[in-house]
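Please open the model in a viewer and keep the sequence panel at hand.

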Amino acid sequence: QVQLVESGGGLVQAGGSLRLSCAASGLSRYAMGWFRQAPGKERDFVITISWSGATIYYADSVKGRFTISRDNAKNTADLQMSNLKPEDTAVYYCAASSRYAIADTRAEMYDIWGQGTQVTVSS
């Protein structure tokens with residue numbers, strides 16, 4: 001019942017754009033975030049948005065390049081990535097909190113995770 005389904009990953013050249021989508025089910029009034037993980041590395045925060053959309057936090061590495069949006073009526077959230085760099089290459093995970101409506105940059109605050117989608121940026 002409670003799940004997140006991601007889509008939109010792929011291969012893109014440096015400087016290009018890509019949009020990831022996350023569809024949620026079984027949740028209400030939830031905070032939403034995106035994290036990424038490169039092979040052998042720790043999962044890193046990317047961006048998060050509160051239920052109302054009033055609060056958005058960005059990792060410094062993506063600020064000005066990535067944007068998050070959500071449509072609560074459709075229970076979807078998109079990560080729009082532009083001016084992609086090779087260092088953006090990672091598996092991207094969407095995450096939601098069944099407990100909080102407030103945006104948070106800490107991974108441990110999220111209890112529902114998508115399966116991950118690969119984003120590869122070539123030089």
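## Stop 1: the aromatic cluster

Select Phe35, Phe45, Tyr110 and Trp113, which form one aromatic cluster. The model is a predicted one, in which local features need pLDDT of at least 70 and side-chain atom pairs count only at pLDDT 80 or more, while totals for chains, interfaces and linings use all residues. Residues are numbered from 1 along each chain as its sequence is written, and side-chain values use heavy atoms, with hydrogens and water left out.

A pair of aromatic rings is described by the distance of the centres and the angle of the planes. Here, rings of Phe, Tyr and Trp (its six-membered ring) pair if their centres lie within 6.5 Å; planes under 30 degrees apart are stacked, those over 60 are edge-to-face and the rest are tilted. How many aromatic pairs does this rule give? The count is five. In one of them, phenylalanine 35 and tryptophan 113, the ring centres are 5.2 Å apart and the planes stand at 55 degrees, so the pair is tilted. This pair links distant parts of the chain, with phenylalanine 35 in strand 4 (residues 32-37) and tryptophan 113 in strand 10 (residues 112-113), 78 residues apart. Strands (E, at least two residues) and helices (H or I, at least four) are DSSP runs, numbered from the N terminus.

Next, display tyrosine 110 with tryptophan 113: the centres are 6.4 Å apart and the planes are at 70 degrees, so the pair is edge-to-face. For burial, the relative accessible area is used (1.4 Å probe, protein chains only): buried means under 20%, exposed over 50%, and partly exposed in between. Phenylalanine 35 is buried at 1%, and tyrosine 110 is buried at 5%, whereas tryptophan 113 is partly exposed at 25%.

## Stop 2: arginines over rings

Then select arginine 70, which is placed over the face of tyrosine 30, at 4.6 Å from the ring centre.

## Stop 3

Colour strand 4. Why is strand 4 described as largely enclosed by the rest of the structure? Five of its six residues are buried, so the description applies. Two strands pair if DSSP finds at least two bridges between them. Strand 4 pairs in the antiparallel sense with strand 5 (residues 44-49) over five bridges, and methionine 32 has isoleucine 49 as its bridge partner in strand 5. The hairpin of strands 4 and 5 has six residues between the strands, and in it glycine 40 takes a positive phi near 75 degrees.

Strand 4 also pairs with strand 9 (residues 90-96), again in the antiparallel sense, over six bridges. Which residue of strand 9 is the bridge partner of arginine 36? The partner is tyrosine 92.

## Stop 4: arginine 36

Centre the view on arginine 36, found in strand 4. At 11% relative accessibility, arginine 36 counts as buried. Its side chain makes a polar contact with that of aspartate 88 at 2.9 Å. A polar contact is a pair of N or O atoms within 3.5 Å; within protein, one must be able to donate a hydrogen and the other to accept it, and residues adjacent in sequence count only if both atoms are side-chain atoms.

## Stop 5: the nonpolar core

Select Trp34, Met81 and Tyr92, which touch the most other members among the 35 residues of the largest nonpolar core. Strand 9 gives the most to this core, with five residues. Such a core is a set of buried Ala, Val, Leu, Ile, Met, Phe, Trp, Tyr and Cys residues joined through side-chain atoms within 4.5 Å.

## Stop 6: positive phi in loops

Finish with two loops. Arginine 29 lies in the loop between strand 3 and strand 4; it has a positive phi of about 50 degrees although it is not a glycine, and it is exposed at 58% relative accessible area. Asparagine 83 is in the loop between strand 8 and strand 9. The phi of asparagine 83 is positive, near 50 degrees, and this residue is partly exposed at 41%.

Terms used. Lys NZ or Arg CZ within 6 Å of the ring centre and 35° of its normal.
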